[in-house]
Amino acid sequence: MGLLDSLMGNASEVNLDELAQELAPIMADGETLSLAYRVIRDMFVFTNKRLILIDKQGVTGKKVSYHSVPYKSITHFEVETAGTFDMDSELKIWISGQKDPLVKELKKGTDVVGIQKTIANFSLK
């Protein structure tokens, strides 16, 4: 991924070996990384047990939010692709027990099909 892609917010796959070291302290016993996408500093991490949404905050990115969503809790999801004038796509995930969906904006160039397929593969087992 080039610098321009990163600045524009295009998602790219993440090296799972490097990410495994970073996430080792929060991984459950028997949990393995399957796929991960980075959008600027944020990440969508798919394990064999859950989806982890990582949101790095602030100028330095030292403050980090880890939102774990077990696949069994996903009741349904929606991907809204970009239109002619709206360059961004949106991912909405409804979680059991929650009225409103979890909403993530996906920048132009993000592999929305890949993200949608991965969620389907894990949540529809």
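The largest pocket holds about 190 Å³ of space. A pocket is an open set of points on a 1 Å grid over the protein atoms alone, with protein on both sides within 12 Å along at least five of seven lines. Its volume is the space filled by probe spheres set on the points, with grid points joined across faces, edges and corners. This is a predicted model, in which local features need pLDDT of at least 70 and side-chain atom pairs count only at pLDDT 80 or more, while totals for chains, interfaces and linings use all residues. Residues are numbered from 1 along each chain as its sequence is written, and side-chain values use heavy atoms, with hydrogens and water left out.

**Lining of the largest pocket**

- The lining, meaning residues with an atom within 4 Å of a point, consists of Val39, Ile40, Arg41, Asp42, Met43, Phe44, Leu53, Ile54, Asp55, Lys104, Glu105 and Lys107.
- Strands β3 (42-47), β4 (50-57) and β8 (102-106) each contribute at least two residues to this lining; strands (E, at least two residues) and helices (H or I, at least four) are DSSP runs numbered from the N terminus.
- By class, the lining comprises six nonpolar, no polar and six charged residues.
- In this classification, Ala, Val, Leu, Ile, Met, Phe, Trp, Tyr, Cys and Pro are nonpolar, Asp, Glu, Lys and Arg are charged, and the others, Gly among them, are polar.

**Salt bridges**

- The structure contains three salt bridges, each defined as a side-chain nitrogen of Lys or Arg within 4 Å of a carboxyl oxygen of Asp or Glu.
- One of them joins Glu22 to Lys56, with the closest N and O atoms 4.0 Å apart.
- Because Glu22 belongs to helix α2 and Lys56 to strand β4, this pair ties together parts that are 34 residues apart in sequence.
- Glu22 is partly exposed at 37% relative accessibility, and Lys56 is partly exposed at 22%; the limits are under 20% for buried, over 50% for exposed and in between for partly exposed, with a 1.4 Å probe and protein chains only.
- Arg50 and Glu31 form another salt bridge, at 2.7 Å from N to O.
- This pair links distant parts of the chain, 19 residues apart: Arg50 is in strand β4, and Glu31 is in the loop between α2 and β2 (33-39).
- Arg50 is buried at 15% relative accessibility, and Glu31 is buried at 8%.
- Lys92 pairs with Glu90 in a salt bridge whose closest N and O atoms are 3.8 Å apart, and Glu90 is partly exposed at 26%.

- Thr118 is located in helix α3 (residues 112-123) and is buried, with 9% relative accessibility.
- The side chain of Thr118 reaches the backbone oxygen of Gly114 at 2.7 Å.
- Leaving aside residues up to four places away in sequence, Thr118 touches Leu35 and Phe46; contact means heavy atoms within 4.5 Å.
- Ser73 sits in the loop between β5 (63-70) and β6 (74-80) and counts as buried at 16% relative accessibility.
- With residues up to four places away in sequence not counted, Ser73 touches Trp94, Ile95 and Ser96.

**Ala20**

- Ala20 is part of helix α2 (residues 16-23) and is partly exposed, with a relative accessible area of 34%.
- Ala20 and Leu33 are 13 residues apart along the chain, and their C-alpha atoms are separated by 7.1 Å.

Conventions:
A polar contact is a pair of N or O atoms within 3.5 Å; within protein, one must be able to donate a hydrogen and the other to accept it, and residues adjacent in sequence count only if both atoms are side-chain atoms. On a 1 Å grid over the protein atoms alone, a cavity is a set of points where a 1.4 Å probe fits but cannot get out, and a pocket is an open set with protein on both sides within 12 Å along at least five of seven lines; lining residues have an atom within 4 Å of a point.
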